[in-house]
Amino acid sequence: MMKEIKTDALWIHLHWLLVLAEQGSFTRAAERLEVSKAAMSQKIKELEQAAGTALVQRTTRSVRLTAAGEKLVEELRDPFARIEQSFFGVRDAAGPVRGLVRVTAPVAFARQQLVPIVGDFLRAWPHIRLQLDVTDRLVSLSSEGFDLAIRHSSALPDTHVALPLCETRTLLVASPDYLAAHGAPQTPHQLAQHNCLYYPRGVETPRWTFVDAAQERVQVSVQGSFATNNSESIRDAALQGLGIAMLPDFSAREALARGALRQVLPRWRAVEAFAEKLWIVRPYAAQVPRAVTTFTHWLRARFVDA
């Protein structure tokens, strides 16, 4: 039996279906809407009863839309986006800049460069709230609800707006204790005799590539007792004196400044290991909330010329 939903309540049911389609699971959708999983399930059940047909196929791990559900979501997506943009445009035009900005950033950059200065931004813009997701995982901004991503990458999505944040360099570093015990290599080829701490790229033997001032290119196969896919963990291993580490500069900067690490082979430039820029990336939108543009401009002012 079909159950009617009052028009003013129907918009909530339809919005929740859109969020469920974006998130792909009742658990993630409930977290995004800040409601219980039971409430989420009940809303979709009521919508299906009102529609007189199944909209969602439920499994133990995820959900999939039925053909009817996919058709409904496809037709709703643009109108709801326009409504949201219209509301935020009106709200942002009046009064102080306010709102929530959801940001995702790499672990090392977030912990060492962003979090130490974020208080300056929040004091300058007291009506803006920041929610920071710290991860080295390449998240989907649109499906996971992020306004901005800080990406250390040379492969950027064509469907997004990407603004350069700052240049980065790849450095070789080691602790003074390690260098005192094993000596400092004078050429890239001498790295083959050292314990090298590296970021694994599949199962291949790690190879580090360098160029010098004359653009001479050298590639060296290295080996070591420790590898990890997090630059902070590589840095911490280097701080323990375990070997020579290859790191992005933002991960090594603080330890270099206090002398806990020293740069190795400073006349050679490491290439092809990490990207050479940090970017601010956001999904394309005709109207961007003022809180998002305010945080973007502040970030670039802090880092572009740093």
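Mentor: Let's start with a word we'll need: buried means under 20% relative accessible area, exposed over 50%, partly exposed in between (1.4 Å probe, protein chains only). This is a predicted model, where local features need pLDDT of at least 70, side-chain atom pairs count only at pLDDT 80 or more, and totals for chains, interfaces and linings use all residues. Residues are numbered from 1 along each chain as its sequence is written, and side-chain values use heavy atoms, leaving out hydrogens and water.

Trainee: Okay, why does Ser-231 count as buried?

Mentor: Its relative accessibility is 9%, and the cut-off for buried is under 20%, so Ser-231 counts as buried. Across the chain, 42% of the 306 residues are buried too.

Trainee: What is Ser-231 in contact with, leaving aside neighbours within four places in sequence?

Mentor: Contact means heavy atoms within 4.5 Å, and Ser-231 has Ala-108, Leu-247, Pro-248 and Ser-251 as partners on that basis.

Trainee: What makes the pairing of the Ser-231 and Ser-251 side chains a polar contact?

Mentor: You need a pair of N or O atoms within 3.5 Å; within protein, one must be able to donate a hydrogen and the other to accept it, and residues adjacent in sequence count only if both atoms are side-chain atoms. These two side chains come in at 3.3 Å, so that's a polar contact.
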